[in-house]
Amino acid sequence: MPPPTASHAMQTPASSKSQDDGVYPLPLSEPLASLRQSLDLDGSLEDPGTPSAATGTVNPIHAVLTQPGAWRRRWTIVSLCFVAFMLCNMDRVNMSIAILPMAEQYGWSSMTTGLVQSSFFWGYLLTQVAGGVWADKYGGKLVLGLGVLWWSLATALTPVAAHMGLPALLLARACMGVGEGVAMPAMNTLLSRWVPVAERSRSLALVYSGMYTGSVLGLAATPHLIHTVGWPTVFYAFGLLGVVWAVVWRARAASSPGQDPFISDAEREFISGGVAEQASGREDRVAGIPWRRLLSERSVWALIVCHFCHNWGTFILLTWMPSYYNQVLGLDLRASGFFSVLPWITMAISANIGGWLADTLIARGVSVTTVRKVMQTIGFLGPAFFLTQLGRVHTVRGAVACMMASQGLDAFSQSGLYSNHADIGPRYAGVLLGLSNTAGVLAGVLGTAATGAILQSTGSWDQVWGVAVGLYLIGTVVWNLASTGERVFD
């Protein structure tokens, strides 16, 4: 989908040299000197400040590192992906609040509530691998754009489906999951093309922090909208935001620097020198997927198993946290929504701290394998410890503190598990994420439904947390035994 002609007036064309590249503008970015070193760890690049021996001209990387004022095209792609993931979780978590007045209005039991919550994952499960294949084959721009538009329309239709009856509502939520299912594989494919290795952890952490920001905004706005104008308005308003995003995405995005008419020559060359896939001279789009080889590598199975273990606990907290505050701590709708926001704020901050820390360690010579293992171990053992403490606290302050610590440490996974797909196979990053996230979604389906069943049969939240902790421990062992940060697939 080429951008409209009108957008050319709003951005510098590719032929212009005024938009030279620069350092990724995150608040926690490394000093300029550290980035220079990280770009030349293997000695493969000339000194940016010295003329080339072959041509007598200054290396283009010099322009990249010495002009801090201009906006870079890859920042546009990362920023739009951030907003897409923010909308993704806004549309997902609104149901965790809206389910309370909906259940009261329609007379749903805990089992039915769990069924409604889990129906999203039925569709989400279907498009994980397919989304990765489509993104690698047709480009991340098309797949992500259509995905956001699809799930936004399904979100807007949720109130209509609810009034039609439970089967229609389950179908609408499943259709929403179909759209959101392509988001992560498509984004991973996009960033594997657009973001150099030296910026990968921070870029992925920033994009994934969009999900946490979306959770914050969704959990904060939903109770207010429900109180003032009713729960159906939540779905109408959130769905409209996604349609607006899709229009902007069509005009501004590209699947890769090679397909972007607006990028400067200097930035394109800088990215091609830092992205293994483009530096190797391969095509941006994959003709065929070597399924047998992918599934024969233990590092791929480490991703699959650990994604399942990670998402079981994460999705329980995502969908059931407001209900926990309401049922166990006796908080009303507004208070449940407010206190549910705090752990997601912690995650948004921690994800970016973890990304900066991971990139800093890699730039200083620590192996990628070591960094990924350390980050993911924190992402498993931290939540495991604090979830075990929930049964021992009986105050709102103590419960919220445990939730915040659990989710904050969980966010280090963005620099472990979630950054590893592009490490081991940048050419198949979308497919690899689709494979592992399929297992993660299966954990969401089973975990969300199992939580409803456990609560209805026993009423014990300790049993809910106990299952999650056990899976976190299994994931820690598997990850440290089988994962690697080295490139496995050409």
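F380 is buried, at 0% relative accessibility; buried denotes under 20% relative accessible area, exposed over 50%, and partly exposed in between (1.4 Å probe, protein chains only). The model is predicted, so local features need pLDDT of at least 70 and side-chain atom pairs count only at pLDDT 80 or more, while totals for chains, interfaces and linings use all residues. Residues are numbered from 1 along each chain as its sequence is written, and side-chain values use heavy atoms, with hydrogens and water left out.

Rings of Phe, Tyr and Trp (its six-membered ring) pair if their centres lie within 6.5 Å; planes under 30 degrees apart count as stacked, over 60 as edge-to-face and the rest as tilted. The W320 and W461 rings are edge-to-face, because their planes stand at 70°, with centres 6.4 Å apart. This pair links distant parts of the chain. W320 lies in helix 15 (residues 298–327) and W461 in helix 21 (residues 461–482), 141 residues apart. Helices are DSSP runs (H or I, at least four residues), numbered from the N terminus. W320 is buried at 2% relative accessible area, and W461 is buried at 8%.

F380 and Y472 form a tilted pair, 6.1 Å centre to centre with 50° between the planes. F380 belongs to helix 17 (residues 368–389) and Y472 to helix 21, so the contact ties together parts 92 residues apart in sequence. Y472 is also buried, at 0% relative accessibility. A single aromatic cluster is formed by W320, Y324, Y325, F339, W461 and W465.

The charged end of R92 sits over the ring of Y124, 4.9 Å from its centre. The criterion is NZ of Lys or CZ of Arg within 6 Å of the ring centre and within 35 degrees of the ring normal.

T360 lies in helix 16 (residues 333–363). T360 is buried, with a relative accessible area of 6%. A polar atom of its side chain lies 2.8 Å from the backbone oxygen of W356.

Helix 5 (128–138) and helix 6 (140–156) each supply at least two of the patch residues. W134 is in helix 5 and is partly exposed, at 39% relative accessible area.

Note on methods: Polar contact = N/O pair within 3.5 Å; in protein donor to acceptor, adjacent residues only side chain to side chain.
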